[in-house]
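Here are my notes on the model you sent over. Keep the viewer open and go through them point by point.

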Amino acid sequence: MILDLKKLKLRSVNEKLQNIDRKKNKRDFVISNPEGNHAICAGLTENIDVTIKGHVGYYCAGMNQNANIIVDGNVGTGVAENMMSGKVHVKGNASQSAGATAHGGTLIIDGDASSRCGISMKGIDIIVKGSVGHMSAFMAQSGSLVVCGDAGEALGDSLYETDIYVKGKVKSLGADCEEKKMSKKHKTKLKDLLKKAGSNIKPEQFKRYGSARKLYNFNIDNVSNY
Amino acid sequence: MCGIVGIYLKSKKFEKSLGRMLSKMLVSMESRGPDSAGFAIYNSDKNKIYKYSVCLNEMSFEKFKKEIKKKVKFTTIEKNSDHVILKSIEKPNEILPILEGFSPISLVGYGKSIEIFKQVGKPSNVVKKFNLDNFSGTHAIGHTRMATESAITTDGSHPYSTGEDECLVHNGSLSNHNNLRRKLKKSGSKFSSDNDTEVAAGYISDSLKKRNLKKTLNKGLNDLDGFYTFIAGTHSGFAVLRDEIACKPAVIAETKDYVAISSEFQAMAHLPNVNNAKIFEPEPGIVYSWGK
């Protein structure tokens, strides 16, 4: 079913996708002429397939649950922000804060992601085939961020328990982020993630970064500082 | 918030539709800036005529015409809503002192190719009022304002022009503008508002006396403190700069015919062939420039 945003109002398209009638069994949707509109496919809850043909604005696929959303273009700020489950695949580039605060699901970006990719992520898996900008995975709590290109300044600043894998150069690491040993367990996990994104790059080519756990654990030696 | 837009034409193909292209961009950025709007459009006539863009404020056109003819012999006076464009072969050093002391009008810009129009109100009303659709030119910059640090007035609207054929639009806010304004005033710069962007425009004009636009903006990275995405225009083109934290958005679309920049992609969605354009975000702290 084709939903043309030149003819239909964004709100009616989103309402339609948010209120799928299970009995009718329509599970395939194409959105044409998105023209940079914001909040397209926000708040979907059913296991449906939506392909957006073109570039979209902010908060596309925000709060997604179960839906499988493909964007055949670029996305603005906050794609898949607060996603709970499902899959979002961006074929172009993403602006800042991709996958911000997301609890689950998979976000795949074929191009580059801008700054603050995966900021405060809480369980989502993000695979970026290009590079990410500064402050990516800032205060990230759990899940994985895979970067096949380079990472900008202050990667993983104030990091909790997210695993970060980077193949290229890291401009600088943020506070309390450090390089970690890549164990067999991590290689297997990374291989799975890359496979999900259709990439056959070898896990051995990546380095793993994680939290040094000094910032968020109380150290008795610092007691006089409080 | 605020919305900024700009188009630089690489070929002559769209020169006649430049106004129409910019007008749609401004209107789609209304949600980012509903308080006022303005635009600078460059159309270089290769002659010696200077154009002075003036906002009449509460003065009537007839009265202005009568008064100004006593003071200066202009070749033409063109009225466009509450703005007028004065065209004269007389140089800025002769004309500027006359216009600057002429209450209640305000000079909004001057140069051989620039024309500036700005006014309070919704962007869709502002572009209609000035008939932006009918303008042609080589490049243009526009702004829709959501006022934060100074009042909603014509003087508080962008673009700011503080030098010949120069202009600046800004999304963001500067934190050291008072100090910088004091310094610039000491070295001879003049300001007509309390606005932070006017200070940045003055800073750029002052620096352009010594160095080119690219070097000026690179120097600005150290001297201008705050959040910003700037588009700075000159007679030959424009440059774009985002501060290093890059909270303020910008997206660029480049085709063989034009370069367009806006705060959000939706402002460019109507541009010809935009779906085949190279689309990217300007990286923080890096100066991008286009010009002949």
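1. A word on terms before we start: domain bounds here come from an automatic or database domain assignment. With that in mind, chain B splits into domain 1 (3–44 + 117–291) and domain 2 (45–112). Their C-alpha centres are 23 Å apart.

2. Some housekeeping. This is a predicted model, in which local features need pLDDT of at least 70 and side-chain atom pairs count only at pLDDT 80 or more, while totals for chains, interfaces and linings use all residues. Residues are numbered from 1 along each chain as its sequence is written, and chains are lettered from A and ligands numbered from 1 in the order in which they are written.

3. How many residues do the two domains of chain B bring to their contact? Each side brings 16: 16 residues of domain 1 of chain B touch 16 residues of domain 2 of chain B. Contact means that the C-beta atoms of two residues, placed from the backbone, lie within 7 Å. On the domain 1 side, strand 7 (residues 114–120) of chain B gives the most, with 3 residues. Helices (H or I, at least four residues) and strands (E, at least two) are DSSP runs, numbered from the N terminus. That side of domain 1 has 4 nonpolar, 7 polar and 5 charged residues. Here Ala, Val, Leu, Ile, Met, Phe, Trp, Tyr, Cys and Pro count as nonpolar, Asp, Glu, Lys and Arg as charged, and the others, Gly among them, as polar.

4. Now the two chains together: 14 residues of chain A are in contact with 11 residues of chain B. The chain A side has no nonpolar, 13 polar and 1 charged residues.

5. Have a look at helix 7 (residues 213–223) of chain B, where Leu213(B), Thr216(B) and Leu217(B) are buried. Buried means 20 or more other C-beta atoms within 10 Å of the residue's own; exposed means 12 or fewer, and partly exposed is in between, again with C-beta atoms placed from the backbone. Down the axis of helix 7 of chain B, the buried residues fall within an arc of 95 degrees, so they line one face of the helix. The arc is that of the directions from the helix axis to the C-beta atoms. Packed against these buried residues are helix 6 (196–208), strand 10 (226–234), strand 11 (237–242) and strand 15 (288–291) of chain B.

6. Over in chain A, which residues of strand 3 (residues 49–53) are on the covered face? They are Val50(A) and Ile52(A), while Asp49(A), Thr51(A) and Lys53(A) make up the uncovered face. In a regular strand the side chains alternate between the two faces of the sheet.

7. Strand 3 of chain A has partners too. Strand 2 (residues 28–32) of chain A runs parallel to strand 3 of chain A, joined by 5 bridges; strands pair if DSSP finds at least two bridges between them. Phe29(A) stands opposite Val50(A). Strand 4 (residues 68–72) of chain A also pairs with strand 3 of chain A in the parallel sense, over 5 bridges, and there Asp72(A) is the bridge partner of Lys53(A).

8. Finally, some whole-chain numbers. Chain B has 7 helices and 15 strands, and 48% of its 292 residues count as buried. Chain A has 2 helices and 11 strands, and buried residues make up 52% of its 226 residues.
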